[in-house]
Every structure is written in C-alpha cells, then in structure tokens.
Amino acid sequence: MSKLMNQYNELKKEDASCIYLFRVGIFYNILNADAKIINEKLGLKITDLGPNIFKCGFPVSQLDKYIILLNKMKIKYKIIDNLPNSTNINEYMKNVEIKKILNKIDGLDMNNTTFQQAFNILLDLQHKIKELK
C-alpha cells in the first residue's frame, strides 16, 4: 500500500482537483481525500486501513458504470492502470475459479454423497474446467 500511497501523493501534488482511480488486481481503489469525496457523491463504502489511510473502490467489471456516474456529476478523474496488460487479470480470474473448484471438492462429504450426486458434481466441475480453457 505504501507504493500506491506514494504514487497517490505525487499525483495529488500535480493536480489536487483530480480523483485518481488506481487499478489494483480486479478492483479500482480510490484513496484518502478522493475516497471521502467519492463516498459522499456516490455512496461507496470507505474502509479505514490505518492511520490516515482510507480507501473505497469497485470491481474492474463495473468501470463503465462508474465512468458514466463520474461524468454525469462532472467529477474530474484519471484512471491509473499500472498493470502491463489484461492477461494478468485473466490469469488471476482463472486462479480464482480454480480455487473455487478445489474448495468445492474439498468440502464434499463423500460418506453422505449418493452416486447420482457425485455424478452431477463431476459433470458440473467438468463444465467449469472446460470454461477455463
């Protein structure tokens, strides 16, 4: 977070009137004073991360929605995307889905699963794995 805060502080020195949206993984984070403004204007929940560090944010998939809202409210903003390309997000999302599949398998109670239930579970897992390819 310190690297992000340093970048935020430098950008605010350049243009304090701009709201900065930082892409961090599959979310956009908005920090400190910007977070307070966005909380007030858009109602996004603020999280207190420690002494003088606040954030709010939204999933990358919701960017278009928030751009429309920011533009309607005439809020000056800039998107800061430090990821080299979108393949990082795609790989991350695949890993998340794989973990969900593994957690489903791990949570099975094989002593209380019928053959039909086991077949349906395997069929569902096979379908999910094919979607990841």
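Two strands are said to pair when DSSP finds at least two bridges between them. The model discussed here is a predicted one.

Q: Which residue is the bridge partner of isoleucine 30 in E4?
A: E2 and E4 pair in the antiparallel sense, and five bridges lie between them. Within E4, the bridge partner of isoleucine 30 is cysteine 56.

Q: Which strands stand at the edges of the sheet, and why is one side of each left without a neighbour?
A: The sheet is open and has five strands in the order E3-E4-E2-E1-E5, with mixed pairing. Each edge strand has a single partner strand, so one side of each is left without a neighbour in the sheet. The strands at the edges are E3 (47-50) and E5.

Q: What angle does the twist average from one strand to the next?
A: The strands follow the order E3-E4-E2-E1-E5 in an open sheet. From one strand to the next, the twist averages 35°.

Q: What angle does the direction of H2 make with that of E2?
A: Helix H1, residues 2-14, packs on the sheet and touches E1, E2, E4 and E5, with a direction about 155° from that of E1. H2 also packs on the sheet, where it touches E1, E2 and E4. The direction of H2 makes an angle with that of E2 of about 105°.

Q: Which element gives the largest share of the largest nonpolar core?
A: This core has 13 residues, and those with the most contacts inside it include Ile19, Leu21, Ile30 and Phe58. The elements that give two or more residues to the core are strand E1 (19-24), strand E2 (27-31), helix H2 (32-42), strand E4 (53-59) and helix H3 (63-72). With three residues, the largest share comes from H3.

Q: How many residues does the second, separate core have?
A: Leu4, Met5, Tyr8 and Ile80 are among its members. The number of residues in this second core is nine.

Q: Why does the pair of tyrosine 28 and phenylalanine 58 tie together parts that are apart in sequence, and by how many residues?
A: The rings of tyrosine 28 and phenylalanine 58 form a tilted pair, 5.6 Å centre to centre with 35° between the planes. Tyrosine 28 is buried, with a relative accessible area of 4%, and phenylalanine 58 is buried too, with 3%. Because tyrosine 28 lies in strand E2 and phenylalanine 58 in strand E4, the parts tied together are apart in sequence by 30 residues.

Q: Is the aromatic pair of phenylalanine 58 and tyrosine 66 stacked or tilted?
A: Both residues, phenylalanine 58 and tyrosine 66, are buried, and ring pairs link Tyr28, Phe58 and Tyr66 into a cluster. The centres of phenylalanine 58 and tyrosine 66 are 4.3 Å apart, with 25° between the planes. Planes under 30 degrees apart count as stacked, and the pair is stacked.

Definitions and conventions. Residues are numbered from 1 along each chain as its sequence is written. This is a predicted model: local features need pLDDT of at least 70, side-chain atom pairs count only at pLDDT 80 or more; totals for chains, interfaces and linings use all residues. Side-chain values use heavy atoms; hydrogens and water are left out. A nonpolar core is a set of buried Ala, Val, Leu, Ile, Met, Phe, Trp, Tyr and Cys residues joined through side-chain atoms within 4.5 Å. Buried means under 20% relative accessible area, exposed over 50%, partly exposed in between (1.4 Å probe, protein chains only). Helices (H or I, at least four residues) and strands (E, at least two) are DSSP runs, numbered from the N terminus. Rings of Phe, Tyr and Trp (its six-membered ring) pair if their centres lie within 6.5 Å; planes under 30 degrees apart count as stacked, over 60 as edge-to-face and the rest as tilted. Axes are lines fitted to C-alpha atoms, for helices over the stretch in contact, and angles run from 0 to 180 degrees between N-to-C directions. Contact means heavy atoms within 4.5 Å.
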